[in-house]
Every structure is written in C-alpha cells, then in structure tokens.
Amino acid sequence: MRAGRARPLEALARSGWALAAWVGLATVAAPGLLGLGHDNSPEVFFVRDDTALADYRSFTSRFSDFGALRVVAEGPGLWTREGLAWLGRVERRAPGVRGVVAASGPSGAHPSETGGWPPADPLAERDRLAAEPLARDMGWIASGGEAASLLLAVRRLAPGERRRLLAELDDLLADRPPEVEARVVGIAAVNRALDRAVGATLAILFPLVVALGAAAIALALRSGRDTALPLLVAALTQTVIFGTMGHLGVAFSIVTSILPLLLFVLALATVLHLLLAVREERRAGLAPEAAVAAAYRRKAWPVLWTGLTTGIGFGSLAISDSPPVRALGLWAAFGIAVLLAAAFTLCPALLARSRPPRPAPRTPFERRGRRLGATAAGLATRRPAAVHLLFLLTLLGALAGVPRLEVETGVLEYFRPGHPARAGLEALEAKGVGAVSAELLITLPGGSFESAAAGGRLGRLGDRLRAAPSALGVVTAADLPSADPELARRARPLLLADGGATTRVVIFLPFAGFTRLEPLFAEARAAAAAAFPEATVTLT
C-alpha cells in the first residue's frame, strides 16, 4: 500500500472505537455460544440429489418417518420369570417415553391362548421364540437364544429431544433384575456416542491447541503483553464467528467440528505475522502509530491475498452435495472473512499498544536453529539439482500409495475397537440381530399384495433375501398370516399401504458402510424386479 493510504490505519491505531466495536460484537454474539451443539444424525448427511432423497421421502409419505431403536437384554437372569416379567414391563412402558411410537417384542408376540406374561416355563418360551421365523427376523430373539430385544419405532427428533429420549430409555432400563444386562442400540444411540466423542475431542484438543499456541508465541516474543494480543484477537473473532452460528441454530457435525481449531490457528498466524512486522518497525525507532502504518505498507497485500485465497479455497466446498461439507465451506469462508475484517480494523488498534521489543540474547536453541536454517538454505541454493531429484523421488514414492487409498463409509469405524457403541453393535450382529434396516418399496400397478398370488411371490422374495450373506433378518407382509392375529393386525399398516398396492420389505442389516452393503442392495433390487417385473421397485 502507498504511504498516503496509511493514514486511516494510523487513525485506527490511535482510536479506540475499533476495539470497542469488536468487544460489542463479541458481547452480542456470546450468548449464541450456549446454543452450539452437535448433530450427527443421518439427516444431516443426506445428499441433496434427485433420486435417493426422493425415494426416501416417498417411503416416509407412505409409512411415516419413523426410525428404529432396539432394547437388547441378555444374561443368566433373562430367561426367568422375573427377567421376562421385567422385559414385558419395558415393552409396555416404552411407548410412554416421549418420541417412542410403538414397541414390539417377545411379550407382544406371546400367543394369548397359552396364558399370560410372563410364561410359566421361560425356557420353553425361549425355545418357542427361537423356532419362530418371524421372531428371529424381527430380532426379538438372537439366533442362539442367548439374548432378546425389543424393537422400538421412534419419531425423527431434534438432537436435544433425541438425547432426552435416550436418557429416558436408560432410566427405564435401570431397574432391571440381577444378572440381566440391558442397553439401547441403533442409529440414535450411535449418534449420541458420536456427539459425545466429538465433544470430548474438542474439549481436549481445543484447550491443548490454545496452550501450545500461547507457549509458542510467548517463547518467540518473550513479552506477556505481546503474547496476549494474538490470543485476544482470536478470542474476540472466535466469539463472533461461533456465537453467530449458535444464534442461527447451527450444530457441529463430525465434519464441521474442525472449524474451531482451524480458525483459531489461522487467527493466531495472521496476528503474529502482523505483530512481528510492527515489532521490527518499533525496533527501528518508529512511534507506535507510525510503526503500524509502516508494517501495513509491507504486509497488507500479503495478508489480504492470503486470506482471500484461503477463503476461496474453503468456500469452494460450498458446492458439495454433502450438507456437512457444504457447511464446512460456508462457515470457513465466513470465519476467514471475519478474520480479515479483524486484521484491518481490530489489529491496528491493538498492535499500536504493543510494547517495543527489548533486546534479548538468543537462546542456544535459536542459535542452532539459525545455523541449521542457513546451512540448509545454502546447500539448496548451491545444489538445486539434488533438491529437485530428492523431491521427485519423494513424489514418485507418494504417488505409488495413491491406488491404496480407500473410502471409509462405515460410521462405526470412527470409534476405536472396543468402544462401547461399536462393541455392543458388533456383539448384537454376531448374534444375528440387526439394529438398522433398508426398506425395499414395491408398488403393484392395479394389484394388491394381499392376494394369494402376489403374497406367494412376496414370500419367495423374502426367502431369497434371507439367504443373502449380509441380511440379518427380513420381514414382509407375507409373514403376517402365520403370525399371532393381534401382532398381524398391528403390523399390517407398517408393511402395507395404498390399499395393499404398495408393500414394504424390511431388511435388517449390520451397521456397516456402503462398500459392504451395496452387494446386498443390488441383490435386493434385482430379486424384487425379477419377482415383480410389472412393479415399481425402490430401495431406501
């Protein structure tokens, strides 16, 4: 910048209005910090495309937008009259929990003509359930009979409501009998564990980054006042950025949770860059305001263009079809814009108040670092061919690893092996019970799945899908005639719609990623199309 343009900066350096304005902005934004939370529910990650989301909305318009949770019970005390009586109470009381629409399990599936619940012979009841195909497909009993579960239909809830629902279910399970273990599993439970993991990571990493940043700046500047300046700018800008997000109801996902760390480090780097330039001018004998103006004459354009290019780079993520990635791009660009505004308004006012640097002897570490840097730079300038060859070999070695890159789509892989959320689901799936499902939607033009012919074809389709390696259970409307009449009555609207012309085939799955499940999805689509060539088939 030309000298004539430094006068506004000198005015900013002398005036306190910029600092007052930023303190005011931060004060207004600060209450929004209390509204920040985490949300890693599936809806957050829904890609805005023209087919998959439309298929999902078509499904929910016919069968309601319910999710699923399981209450899993096991242990030596389960298959006793006391254990089964408790499980029956949970099944009856669960629909009273806010957000739970319905519950199904061994108690509701117990034939009324054989007596009340709990049954007189719990072990005989276990054997009866284990021999009942519908009970196994619904996951009411594990393949070996060592565990039982209740399947809960739950409404799609906001993050806070979902956490309250899970807490109430935990309370409901707290009075279980001795030698009975119980837990809630499913997507909502995994979301809660993921929210907690992200929150705990930020609670550890962010203070650690602040402490390391402060220590590094203090070591470099050797001035408590100058060390406080970058931290103050970072604190004010972070409050404005994330307070605004909180006021707008933005919740962090596992993708956007990197924003606090990213923007904090960028804020420190920007202010430190300007502060060092001002200190050089002060060391040359300039007055505070003149030193700020001189530093900005040299550094204003580099800071501006660095900020713009960084903002454009992150902002380009806003064109992504993935909402969390798009949110990361938009809010990173907003945050960098706030940092740039602070660099040209707040920073001059604060930098003029920095102390002139006092001469200090360099430490042995600094002297060694200067010598090492000078030696390395000298070698690189004298032997450029060797440097080019070294980096070419490094590039070739790195490129050799590119074919080994893979895409991880399994949410459970975000948890360490042995984490309760991961271990619980893996143990349940090993017993043959799935906590999540895919929905195969089949619509017969002018027909009904309640007819004998369509019902027979639907039954054969269910048998074929049950044989698929990744399917942990399949439930179709063809299973209803053989079920308990009361259970069949309650299940019918969950499996048939449009007067019987549309049916839902529920395929219970492992909690796995796309790469593992796509073969099953492809087989389900192909099998349904082969069984009902005249029908419209979607899978969601």
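**Helix 10 against helix 13**

I looked up the handedness of the crossing of helix 10 and helix 13 in this predicted model and found it right-handed, a crossing being right-handed if the near helix is turned clockwise from the far one by less than a right angle, and left-handed if anticlockwise. Local features here need pLDDT of at least 70 and side-chain atom pairs count only at pLDDT 80 or more, whereas totals for chains, interfaces and linings use all residues. Residues are numbered from 1 along each chain as its sequence is written, and side-chain values use heavy atoms, with hydrogens and water left out.

Helix 10 covers residues 224-247, and its axis lies 10 Å from that of helix 13 at an angle of about 145°. Axes are lines fitted to C-alpha atoms, for helices over the stretch in contact, with angles from 0 to 180 degrees between N-to-C directions. Helices are DSSP runs of H or I with at least four residues, strands are runs of E with at least two, and both are numbered from the N terminus.

For the contact (heavy atoms within 4.5 Å), I noted Thr237, Val240, Ile241, Thr244 and Met245 on helix 10, and Trp331, Phe334, Gly335, Val338, Leu339 and Ala342 on helix 13. By class this contact has 8 nonpolar, 3 polar and no charged residues; Ala, Val, Leu, Ile, Met, Phe, Trp, Tyr, Cys and Pro count as nonpolar, Asp, Glu, Lys and Arg as charged, and the others, Gly among them, as polar.

**Two threonines of helix 10**

I then examined Thr237, which lies in helix 10 and is buried at 0% relative accessibility. The classes are buried under 20% relative accessible area, exposed over 50% and partly exposed in between, with a 1.4 Å probe and protein chains only. A polar atom of the Thr237 side chain lies 3.1 Å from the backbone oxygen of Ala234. Not counting residues up to four places away in sequence, Thr237 touches Trp22, Ala267, Val338, Leu339 and Ala342.

Thr227 is also found in helix 10 and counts as buried, at 8% relative accessibility. Its side chain reaches the backbone oxygen of Ser223 at 2.7 Å. With residues up to four places away in sequence left out, Thr227 touches Ala214, Ile217, Ala218 and Leu221.

**Helix 12 and its partners**

The axes of helix 12 (residues 288-315) and helix 13 (residues 323-344) come within 8 Å and cross at roughly 170°. The two helices are therefore roughly antiparallel, a term for angles over 145 degrees; under 35 is roughly parallel, 65 to 115 roughly perpendicular and the rest oblique.

Helix 11 (residues 259-283) packs on helix 12 at about 155°, with the axes 8 Å apart, which makes helix 11 roughly antiparallel to helix 12. This crossing of helix 11 and helix 12 is right-handed. The contact includes Glu280, Glu281 and Arg282 of helix 11 and Arg298 and Lys299 of helix 12, and its residues divide into 13 nonpolar, 3 polar and 5 charged.

**Positive phi**

Most residues other than glycine have a negative phi. I recorded a phi near 65° for Glu179, in the loop between helix 8 (159-173) and strand 5 (181-186); Glu179 is exposed at 56% relative accessibility. For Asp498 I recorded a phi near 55°. Asp498 is found in the loop between strand 9 (496-497) and strand 10 (502-509) and is partly exposed, with a relative accessible area of 45%.

Key. A polar contact is a pair of N or O atoms within 3.5 Å; within protein, one must be able to donate a hydrogen and the other to accept it, and residues adjacent in sequence count only if both atoms are side-chain atoms.
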